[in-house]
Amino acid sequence: MIAAAAPPALWRAFFRSPKAMVSAAGALLLIGAAFLAPITAPHEPFTLGTFNLMDSELPPAFMAGGDPRFLLGTDMQGRDVFSAILYGMRISLTVGFLAVTISAAVGTLIGLVAGYRGGLLDAVLMRLADVILSFPTILIALLIAGIARAALPQAAAGEAAIAVLVFAIAINEWTQYARTVRGQTMVEARLDYVKAARVTGVADGTILRRHVLPNVVSPVIVIATINLALAILAEATLSFLGVGMPPTSPSLGTLIRIGNENLFSGVWWVVVFPAAALVLLVLCVNLFGDWLRDALNPRLN
Amino acid sequence: MGRTLMMTAAAVALFSASAADAETLRWANDGDILTLDPYAHTESFTSSFLHHIYEPLVRRDENLEFEPALAVSWELVEPTRARFNLREGVTFHNGNPFTADDVVASVERLIHPDARARGNLSAVKAAEKVDDLTVDLVLNAPTPLLLNDLSGVFIMDAEWMEANDALTPGNTTTGTVTYASDHTNGTGPFVLESRTPDAKTVLLANEGWWDTPKHNITTIEFTPIGSDATRVAALLSGEVDVITPAPLQDTARLEAADGVVALQNPSLRTIMLGLNHGDDELDAAPGTGFNPTKDIRVREALWRAIDMDAIVEKVMRGKARVAGLMIAPPIAGYVAEDDVKPQYDPEMAAALLAEAGYPDGFTMGLDCTNDRYVNDEEICLAIASMWQQIGVDVKLTTQTKGNHFPKVDRGETDAYMIGWATLPAMDGYSPVRAMIASRDGEFGGNNPNGYSNERIDEIARLAASETDNEKRLAMISEAIKIAKDEIAFIPLHQQPLSWAARDNVELIQFPDNYFRAWHYKVN
Amino acid sequence: MIPFIARRLAQAAVVVLAIAILSFVMFRYVGDPVAAMSREDASVSEREELRTALGLDQPVVVQFWHFLGRLADGDFGVSYRTQRPVADMIAERLPATLELVLMATVLSLAVGIPLGVLTAVHRTGWMATFVQSVSLVGISVPTFVTGIMLILLFSVTLRWLPSFGRGETVDIGFWSTGFLTVSGWRALILPSLTLALYQMTLIMRLVRAEMIDILSTDYVRFAQARGLPAGFIHYRLALKNALMPVITITGMQIGGLIAFAVVTETVFQWPGLGLLFIQAVSFADVPVMAAYLLFVGLLFVALNAIVDIVYLIVDPRLRSGQS
């Protein structure tokens, strides 16, 4: 979306910045490998019956006792860690992207409207945000997971896990965007040139788009990049609390959670490699986000 | 150099965990006790802990045989009247003498409708004082397991309860709270010194205990630590002396550490899979119109497809015992000849499925806990994978015990994990009554999926009041064998007790997973 | 300002009612307390009796009515798990959680703000890039892993700090504090650091973003041109204006910290509200869960109201619109 709309100046800036190119390349590589997991992964870790308990806890292929079939070793069930990371990253990214996109879009819209209109609408929307904020993500997820479990037939419950997680994370996080955008909008809307524009009959939508939106993009992108990482981590935390992805299709966070239980046992590869993949992914996304933030900031151009 | 050494020593003194004196036992468990009121809970860990403060009329010795505790002798004066002669010269921690009044008040408090634990003494109708040191228990019917029940009934002080308005138990519904939830006054080997829930509970040795102490412990500092990794870390860093339980996968790491030993023994708890016997179609495959697991050939195929040796070796780190029966060897009613499981044989399993009319397999659910039994989630993942290999499309659900057991109880599962330890009775009658008898009033409370066998139902009723122990055990063994032959449940293994301790602590691991510090020593 | 505050309080009351409804609806779905409360081999009739005694066999609406009725009397009920009054249990755990959250907040502000200024002022320097990268790595690891790693390093390997608990506490009235003992402070270090890591990075990044914006504004450029000292420009002029979103986020995040303390408290066996809540969830201890949710909800509402009021004080531009 950004690429399509990007002005030539942004592209020029991009090709001048090694930080931007390296982080974008890294993020694209990881995202590509994850979404093409059925092609890039040598095994099918999510298909029951394709792995064997007798292959469990093999060290990485390059270590003594390693098996060339399993590049980064195997976990407690005999699953290939490398393939599990690719498939797991696919799930984590899906959850993260969907949750961030939904929450940023909804939150920004609500923040703009509330901050610009004020009055009763503002009060209602912000109190709604209060109610939702009063329930931490974790608790919301417990509720939604519970309702889904009660409402969905057993056969569909596993497949619905991603939707449940996305909803649980997004429903909580739009409030962050909304409150920040609202604060900024309130300040902008009271500036003289905006007041002047309103008086001269410029449409509200135009004012918001032309004058207010550019000024709130910067905090929204800061929150969004950090929230993509946060969404992935939130999923891991929910898994720690027992409402994450099922163990038959573990996300990156779930892999780390399971590996974390074996931290003392010497089977370090089941936690170190998934954690390294997560750190790398989050780092690339954030560095790119940082650069984008600076590049989009009108005051710096 | 001398100065450096001194500074190091000072730093160690400042930063290391406070050096406890030799006879303090610092103990970390994975959960806190629920309450100090012995009748307000039904959890065996809380019972185990409170046994240090309160005592029953009869207790279990080092071999888990009954021995006199607050009663010195007992006899059946009528089939429904048991007489107990009480120990003389016993005092409660506050100095009150122990008498028949205390037993009467305790029994009345326990069988009160509000008492959460009243099911633990359902055989008793009333307690009657004969004289100061003699008391009669009046029974509803002849009861072979009276001593088993009484070994879990702790005696409280009548005067103390009366003085503190604690003669009736607490009640969640009416909001009644009792003094006994936060305070204790028992006769046991240890006295409560202080308690902060979820942080620390301190017990001191009871100097005036009626029994000769075998232990040398002066103080027990009990801390719950819920996170496995943190609990292991606390032992490795020397902040605690004993951890219960120790995660199986950390055994090697613990044994490699200086001054730490890992302790493992088989427990009484048999882990098994319940099956769907009653529904017309499987819950995970609505609309199919058939239930394959009604066919014994399918049940056998499912059993034969599970490579238990691999699970025990890999998932349980070689520490569990493969089971063929639903009760463990130490439990009354166990027969070794029956404890043989069908050989692991995936080809034969696939052939059995084909013979039963499912050459292409079928879809079924597998429901498991992820926070209740040792490595429960890992076991189920392995089983799901093995079943998949013979063509059964498994829908695996793993969830917390709070969600798992209600779902099981509603009969909404096809195959589900359950563990049974027959506690507190330690008798084979417990699974006969609760798990394989048809669901009907007092029977089949844990048989939600419609398993039914007439002979087992008959035995469940006869054995309840059969006082000839030999006859009773023969009947129980018969019922257990029928259930095995019909594959009512698929027994998996007896899970291990896994503890770890500093090597200066002498411990005994009891198969019932009770912690009995009055048998332990700190050197 | 008074009418504004009054209106704000009225809105808060509505929010609290909504929370009560939600928290009641919520716990209908987290499990069945009867299974957890009965003996392992309890018969069906035993369990049905308990269900009836708890009133769980009645329609949800009736149950909600009873719940509200008790609540109106200030009665949070009795815990299913421990059979103690829920209000006592919450009061017991509150100090532990609040001290942990306070410490984490102080830590994140004390570290996050200076680092944010540093990375904004020396935007392109290697130092800023390094600090930013490290902070990103720090928050890319889930809290429960960070906590265990800190325990491994500081408790098991170095043996400097305790791995669990609050250390010795001192009771001042109903409040048990760990701030007055050496062991209390030592026990606080690892959990508060674990809890603060994410918040620290968030504040750092926010301060950086705001500072960069402000440093490029005309009045800062003018101040620079006049030759005012850099410290004065960065901390007095620029930072003061950059603090508004920081206040918003910090205020909002305090509630988030209390919720996230659930994980930290689980890892470090910190005897606070989060640990209590997690135990309540696994036992389906409905009265405790409901009280916890209500309490956290109330706290959130209060914090949000305070944030709004502080907004008014910090940014006078908003006053004209509210009076």
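## Met364(B) and its surroundings

Leaving out residues up to four places away in sequence, Met364(B) touches Leu282(B), Ala284(B), Ala285(B), Val392(B), Val394(B), Asp414(B) and Ala415(B). This is a predicted model. Met364(B) sits in strand β14 of chain B, residues 363–369.

Met364(B) counts as buried because 24 C-beta neighbours lie inside 10 Å, and the threshold is 20 or more. Pro286(B) is 78 residues away from Met364(B) along the chain, with 9.9 Å between the two C-alpha atoms.

## Helix α3 of chain B

Helix α3(B) spans residues 100–110. Eight of its eleven residues are buried, so the helix is largely enclosed by the rest of the structure. The buried set is Ala100(B), Asp102(B), Val103(B), Ala105(B), Ser106(B), Val107(B), Arg109(B) and Leu110(B).

The cover over these buried residues includes three strands of chain B: β5 (81–86), β6 (124–131) and β7 (134–139). Helix α5 (158–163) of chain B is also part of that cover.

## A helix pair in chain B

Helix α13(B), residues 429–436, packs against helix α15(B), residues 469–485. The angle is about 45 degrees, and the axes are 9 Å apart. The two helices are therefore oblique to each other. The crossing of α13(B) past α15(B) is left-handed.

From α13(B), the contact uses Tyr429(B), Val432(B) and Ile436(B). They meet Ile476(B), Ala479(B), Ile480(B) and Ala483(B) of α15(B). By class, this contact has seven nonpolar residues, no polar and no charged. An α-helix has 3.6 residues a turn, so residues three or four places apart point the same way.

## The nonpolar core

The largest nonpolar core has 350 residues. Those with the most contacts inside it are Ile85(A), Val432(B), Met211(C) and Tyr292(C). Val432(B) is also one of the α13(B) residues that meet α15(B).

Met211(C) touches Gly116(C), Val117(C), Ala120(C), Ala238(C), Leu239(C) and Ala242(C), again not counting residues up to four places away in sequence. In soluble globular proteins, nonpolar side chains tend to be buried together.

## Chain B against chain A

This contact takes 32 residues from chain B and 23 residues from chain A. On the chain B side, five elements each supply at least two residues: α6 (228–236), α7 (251–256), α9 (308–315), α11 (376–389) and β15 (393–399). The largest share, eight residues, comes from α11(B).

The side of chain B that touches chain A has 13 nonpolar, ten polar and nine charged residues.

## Chain C against chain B

Here chain C gives 49 residues and chain B gives 49 residues. On the chain C side, α2 (33–37), α3 (44–53), α7 (143–157), α10 (230–268) and α11 (273–283) each supply at least two residues. α7(C) gives the most, with five residues.

The side of chain C that touches chain B divides into 25 nonpolar, 14 polar and ten charged residues.

## Ile256(A), in contact with chain C

Ile256(A) belongs to helix α12 of chain A, residues 252–260. Ile256(A) is buried, with 28 other C-beta atoms within 10 Å. Apart from neighbours within four places in sequence, its contacts in chain A are Ala236(A), Val271(A), Pro274(A), Ala275(A) and Leu278(A). Its contacts in chain C are Pro142(C) and Val145(C).

Val181(A) is 75 residues from Ile256(A) along the chain, and their C-alpha atoms are separated by 34 Å.

Key
Residues are numbered from 1 along each chain as its sequence is written. Chains are lettered from A and ligands numbered from 1 in the order in which they are written. This is a predicted model: local features need pLDDT of at least 70, side-chain atom pairs count only at pLDDT 80 or more; totals for chains, interfaces and linings use all residues. Helices (H or I, at least four residues) and strands (E, at least two) are DSSP runs, numbered from the N terminus. A residue is buried if 20 or more other C-beta atoms lie within 10 Å of its own, exposed if 12 or fewer, and partly exposed in between; C-beta atoms are placed from the backbone. Two residues are in contact if their C-beta atoms, placed from the backbone, lie within 7 Å. Ala, Val, Leu, Ile, Met, Phe, Trp, Tyr, Cys and Pro count as nonpolar, Asp, Glu, Lys and Arg as charged, and the others, Gly among them, as polar. A nonpolar core is a set of buried Ala, Val, Leu, Ile, Met, Phe, Trp, Tyr and Cys residues joined through C-beta atoms within 7 Å. Axes are lines fitted to C-alpha atoms, for helices over the stretch in contact, and angles run from 0 to 180 degrees between N-to-C directions. Angles under 35 degrees count as roughly parallel, over 145 as roughly antiparallel, 65 to 115 as roughly perpendicular and the rest as oblique. A crossing is left-handed if the near helix is turned anticlockwise from the far one by less than a right angle, and right-handed if clockwise.
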